[in-house]
Amino acid sequence: MIDTIFTENHTIQEPNLIWRECLKTIKENVTLMTYNTWFVPIKPIELKNSVLKIQLPSRFFWEWIDEHYNTLITKTIHEIIGPEAKLAYVIIDVPTAEENNKTQEPKQQIKAPEDQKPKPEFETFLNPRYTFENFIKGEGNQLARAAAGAISDNPGGTSFNPLFVYGGVGLGKTHLIQAIGNKILQNYPDKKVIYLSADIFTIEFVEAIQTNRLNDFSQFYRKMDVLIIDDIQFLMGKEKTQDLFFQIFNTLHQSRKQIILSSDKPPKDLKGLDERLISRFQWGLTADIQPPDLETRIAILKRKAEDYGMNVLGDILEYIATNITSNIRELEGCLIKLLANASLNSKEINLELAKKTVKEIATDRKVNINIESITKVICDYFKIDENKIRDKTRKKEIVMARQVAMYLSKEMTKSSLKTIGLHFGGRDHATVIHSCSTIENLKQSDTYYKDLIETLRSNIELNCS
Ligand code: ADP
Ligand code: MG
């Protein structure tokens, strides 16, 4: 048991700052879910003479913290405050109308400041920067944008459940699905909304198994009103994670909770995903986001320039929009680079500088692409260790990644077959040729591989620009 101490003392310090420091250490030692569930709701009240008083939402909460995180918290406050530091708890029930101030053992009257908004019980991971207001509408995102708006007004109550948004890299999927989350919280502040990407979900799932907390993990997501999962393609090939996600999906869907998903490809092309999931993904609305046309690109640039406080003439924006077509992230990047070029050289932003910047982006894109950067992107994508791709492993998914990496190295760099072979574990040039033709054949015969290669290619270009 941690001592529960309330002392009258003289030195009073800023508890929020100290607690924030403690949280940094705690966050490194627990899973994200644990952190959200048990630590985010804690409120520091007071720090007097090395006694940190924290407020917990319920008695149950206190017992749980005391049983499971006593050592961690004590160790942390010793590190941050000093060896003599102690904790004091104040427990309040989540205030109901009549019971606003009722407190439980240990007796202590704590009144929540009236003007404070109710604190969310967990982090939503929504980026407030992503809103509908700064999301430019265009032909390419019309349907997805309209469905997103309808859902925000009536989460769980439209036939767009789940909403499945798909499209290429940098086209606004993350922006749009987070905008829904932000808007729902604006419309319905009491709703429980959470955003996370499928790879974080997977990591959390594995950690939950390792720490024997699978039940908590699953319960946590089942109590959401709005579950937003980005890049659901990361679940491909991860059967156990898919099983649990399937159950969570069913629970939420049955109780008319809103589910929003994004992916780099349509549900039917999510090979390596359970058929049951693929069919559920199609229960609601599947909407794609296409690359923006010239007009939309200009509108986006105009809006971004305003946001950055830049004064850029129309013909310059048009020049950039005409020459950078692949994705919106790169458009944004160009504008930032233009701003940097102008201020570094104390020049004004004119067409000449814009031409130079666009050219630099194109050159950078090529120069930075080498076998290492290609390997890195591919290993990140398939979630495999970079050493594995180089050694002798014959595991199916690693062989596949290795062949793709060789293929793209041949396509995207000037390296010789010999150099490419050397990079991938000292293989000879015949092996490289074999890998390249295997991938070329797959690309021709199966759209999954065609899309995969294109996705990887644009990931590499993006990563290297
Ligand atoms: P994705 O998730 O599809 O890879 P993002 O949502 O991360 O793409 O978008 C990349 C960048 O482009 C972000 O900074 C985002 O704000 C911006 N962006 C994308 N689409 C739009 C849009 N329609 N209007 C304004 N900005 C956009
Ligand atoms: Mg994204």
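**A walk around ligand 1**

Start by selecting Glu-332: one of its polar side-chain atoms sits 2.8 Å from an oxygen atom of ligand 1, a polar contact in the sense of two N or O atoms within 3.5 Å. You're looking at a predicted model, where local features need pLDDT of at least 70, side-chain atom pairs count only at pLDDT 80 or more, and totals for chains, interfaces and linings use all residues. Residues count from 1 along each chain as its sequence is written, chains are lettered from A and ligands numbered from 1 in written order, and side-chain values use heavy atoms, without hydrogens and water.

Next, pick Lys-304, where a side-chain N or O atom is 3.0 Å from a nitrogen atom of ligand 1. Then click Gly-172, which puts a backbone N or O atom 3.1 Å from a ligand oxygen atom. Protein covers 95% of the 550 Å² of accessible area that ligand 1 has on its own (Shrake-Rupley method, 1.4 Å probe).

Now show the whole shell: 19 residues surround ligand 1, with Ile-136, Gly-170, Lys-173, Thr-174 and His-175 the closest (a heavy atom within 4 Å counts as near). Colour by helix and you'll find H5 (173–187), H10 (294–307) and H12 (328–344) as the elements giving two or more residues to that shell (helices are DSSP runs of H or I, at least four residues; strands are runs of E, at least two).

Two backbone stops remain. Go to the loop between helix H4 (142–153) and strand S5 (163–167) for Pro-162; the peptide bond leading from Asn-161 to Pro-162 is cis, with omega near 5 degrees. Finally, jump to Asn-49, in the loop between strands S2 (43–48) and S3 (51–56). Asn-49 is not a glycine, yet its phi is positive, near 40 degrees.

Note on methods. Polar contact = N/O pair within 3.5 Å; in protein donor to acceptor, adjacent residues only side chain to side chain.
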